[in-house]
Amino acid sequence: MSGSRSSSPNSNSGWSLKENKMFEEALAYYGEGTPNLWDKVSSAMGGIKSAEEVRLHYEDLVDDVRTIESGRVPYPKYKTQGFWTRG
């Protein structure tokens, strides 16, 4: 895949903070190797997102991480102190 799909209709912009949190918790609960993972994550989210929407959301996030790690996008500079501060 070339570039991130962050501006696509299937991007994070269509997901609320609550939906993202539900997605993250379900993904952490089931783990990446789980059979029928996207169906299970969708179900854990109460069916508010389809298995296909969940899969695409995951792929978008993976693409974003790869883009950041490749150095094409700088790490964000957070205005916090402690462990997560880069600089």
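Modeller: Ground rule before we start: helices (H or I, at least four residues) and strands (E, at least two) are DSSP runs, numbered from the N terminus. Also, this is a predicted model, where local features need pLDDT of at least 70, side-chain atom pairs count only at pLDDT 80 or more, and totals for chains, interfaces and linings use all residues. Residues are numbered from 1 along each chain as its sequence is written, and side-chain values use heavy atoms, with hydrogens and water left out.

Colleague: Thanks! How many helices and strands are in the protein chain?

Modeller: You'll find 3 helices and 0 strands, in the order α-α-α along the sequence.

Colleague: And which residue has a positive phi although it is not a glycine?

Modeller: That's Asn36, with a phi of about 55°. Most residues other than glycine have a negative phi. Asn36 sits in the loop between α1 and α2. Its relative accessibility is 53%, so Asn36 counts as exposed; the scale is buried under 20% relative accessible area, exposed over 50% and partly exposed in between, with a 1.4 Å probe and protein chains only.

Colleague: On to packing. At what angle do α1 and α3 pack?

Modeller: About 90°, with the axes of α1 (residues 17-30) and α3 (residues 51-69) 12 Å apart. Axes here are lines fitted to C-alpha atoms, for helices over the stretch in contact, and angles run from 0 to 180 degrees between N-to-C directions. α1 and α3 are therefore roughly perpendicular; angles under 35 degrees count as roughly parallel, over 145 as roughly antiparallel, 65 to 115 as roughly perpendicular and the rest as oblique.

Colleague: Which residues of α1 and α3 make the contact?

Modeller: Asn20, Phe23 and Leu27 from α1, with Val54, His57, Tyr58 and Leu61 from α3. Contact means heavy atoms within 4.5 Å. That group splits into 5 nonpolar, 2 polar and no charged residues, where Ala, Val, Leu, Ile, Met, Phe, Trp, Tyr, Cys and Pro count as nonpolar, Asp, Glu, Lys and Arg as charged, and the others, Gly among them, as polar.

Colleague: How far apart are the axes of α2 and α3?

Modeller: Those axes are 8 Å apart, at an angle of about 105°. That makes α2 roughly perpendicular to α3. Trp38, Asp39, Val41 and Ser42 of α2 meet Ala51, Val54, Arg55 and Tyr58 of α3, and this contact has 5 nonpolar, 1 polar and 2 charged residues.

Colleague: Is Ser42 buried or exposed?

Modeller: Buried, because its relative accessibility is 10%. Setting aside neighbours within four places in sequence, Ser42 contacts Gly47, Lys49, Ser50, Ala51 and Val54.

Colleague: What makes up the largest nonpolar core?

Modeller: It has 9 residues: Trp15, Phe23, Ala26, Leu27, Leu37, Val41, Met45, Val54 and Tyr58. By nonpolar core I mean a set of buried Ala, Val, Leu, Ile, Met, Phe, Trp, Tyr and Cys residues joined through side-chain atoms within 4.5 Å. α1 gives the most to this core, with 3 residues. Beyond four places in sequence, Phe23 is in contact with Trp15, Val41, Met45, Val54, His57, Tyr58 and Leu61.

Colleague: Last one: where does Ile48 lie?

Modeller: In the loop between α2 and α3. Ile48 is partly exposed, with a relative accessible area of 44%. Not counting residues up to four places away in sequence, Ile48 touches Glu19, Met22 and Glu53. The C-alpha atoms of Ile48 and Glu19 are separated by 8.4 Å, though the two are 29 residues apart along the chain.
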